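Please take a first look at the structure below. A short report follows it.

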Amino acid sequence: MLKLAPFGTRLVRRIAAALMAAGLALPAMAEYPADRPVQFVSPYAAGGANDFLTRLMARYMGEEMKANIVVDNKSGANGMIGAASVAKAKPDGYTLLMGNSATHGTNPTLYKKQPYDASKDFTPVAMVASVPIVMVVNAGLGIDNVEELLQYGKKHRLSFGSSGVGGTGHLTGEAFKAATGLDMVHVPYKGDSPAVTDAMGGQVDLAFVGTASATAQQSSGRIKILAVAHPNRSRALPDVPTMAEAGFPGLEFSQWYALFAPAGTPEAVVEQLNAANKAALANPEVQKSLDAQSAEGTYRTQEQLKAFYQSEIKRFGDLIRKLNLSIE
């Protein structure tokens, strides 16, 4: 366990020496984590991927740190309510956010008004996992690959579902539409699962959703997964080609998840949390749980995470402006 030792720097040692010379004692700095719970905030309701990953990390990072980590679901406004609560929390390492590709990717450009600044109000702590977006079609269309979808789309207007306006699935669909020139209308849902359900029932022709939601229904035979919007094939779908293999390089979209602390959180605390995250991701039991959700554990240093999410804000921002999307 990392301790924030009172004599860990030259400056502190000099202060200590001066105080001792004056007959005064230097109070010890608190050990982290102290005998109090650490709170992980999931900015979405219980039961979804964000909640699952928050609880998974709370359990195994807690074991690594010998800390009691509790989960608090604060849902609403596409993750902004929970994110704002963490941004305003005391920067002491006891309140963290399980942010994602919405709170720290699409939202900064999509929403004209936000209760936090994704770039300034948080300290990036650790990457957790990513879930690639996949393209699924209604099996009744008799389409077996992307090329056949293109041919079908030249003769029919297509409808595609996603988890909602501005979500990663929506942007994937819009990028595919722009790349192909197909006539496609977006149908937003409140989550991936209802979008997949309507693709199965034929209410929409296809959907762009997270891998886990698609694989959960694949065995029904009512949908077919045509492509993965990821640089590499998914371990859960080894026979499904990537978008690049299907002829569309650059269409790479994932729902990703990462831990963030309020800006100003001590570096030593952030380093300890990052180390616990790295150890948790290496745990075979964690890997099994991630595989079951078609999620890919992705360790990054704090610096790598910062560079990654800042690049995602720019990438999504450019696309959102190009598509002229915005929400009041």
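The report covers the model, its helices, its cores, its backbone and its cavity.

## About the model

This is a predicted model, in which local features need pLDDT of at least 70 and side-chain atom pairs count only at pLDDT 80 or more, while totals for chains, interfaces and linings use all residues. Residues are numbered from 1 along each chain as its sequence is written, and side-chain values use heavy atoms, with hydrogens and water left out.

Helices (H or I, at least four residues) and strands (E, at least two) are DSSP runs, numbered from the N terminus. Buried means under 20% relative accessible area, exposed means over 50%, and partly exposed lies in between (1.4 Å probe, protein chains only). Contact means heavy atoms within 4.5 Å.

## Helix α3

Helix α3 spans residues 80-87. Six of its eight residues are buried, so α3 is largely enclosed by the rest of the structure. The buried residues are Met80, Gly82, Ala83, Ala84, Val86 and Ala87. Their cover includes β1, β3 (95-100), α4, β4 (122-138) and β9 (254-262).

## His104 in helix α4

His104 sits in helix α4, residues 102-110. Its relative accessibility is 0%, so His104 counts as buried. The side chains of His104 and Thr103 are joined by a polar contact of 2.9 Å. Such a contact is a pair of N or O atoms within 3.5 Å; within protein, one must be able to donate a hydrogen and the other to accept it, and residues adjacent in sequence count only if both atoms are side-chain atoms.

Leaving aside neighbours within four places in sequence, His104 is in contact with Leu97, Gly99, Ala118, Phe122, Trp256, Phe260, Tyr309 and Ile313.

## Helix α11

The 22 residues of α11 should span 32 Å at 1.5 Å a residue. The expected span is 1.5 Å times one less than the number of residues. The end C-alpha atoms of α11 are 31 Å apart, which agrees.

The buried residues of α11 include Leu305, Phe308, Tyr309, Glu312, Ile313 and Phe316. The buried residues of this helix pack against α4, β4, α6 (168-180), β9 and α9 (267-281).

## Two nonpolar cores

A nonpolar core is a set of buried Ala, Val, Leu, Ile, Met, Phe, Trp, Tyr and Cys residues joined through side-chain atoms within 4.5 Å. The largest has 46 residues, of which Met135, Leu149, Phe176, Leu206 and Phe208 touch the most other members. Its largest share, seven residues, comes from α11. A second, separate core of 32 residues includes Val128, Val270, Ala280 and Leu281.

## Backbone points

The peptide bond from Tyr32 to Pro33 is cis, with omega near -5°. Pro33 is in the loop between α1 (10-21) and β1 (38-42).

Asn324 follows α11 and has a positive phi, near 60°. Asn324 is exposed, with a relative accessible area of 68%. Ser294 also has a positive phi, near 55°. Ser294 is buried, at 7% relative accessible area, in the loop between α10 (284-292) and β10 (296-297).

## The cavity

How many cavities of 30 Å³ or more does a search of the whole structure find? The search finds one. On a 1 Å grid over the protein atoms alone, a cavity is a set of points where a 1.4 Å probe fits but cannot get out, and lining residues have an atom within 4 Å of a point. Grid points are joined across faces, edges and corners, and a volume is the space filled by probe spheres set on the points.

The largest cavity holds about 50 Å³ of space. Ser294 is one of its lining residues, along with Ser234, Arg235, Ala236, Asp291, Ala295 and Glu296.

Conventions: 1 Å grid on protein atoms, 1.4 Å probe; cavity = no way out; pocket = protein on both sides within 12 Å on 5 of 7 lines; lining within 4 Å.
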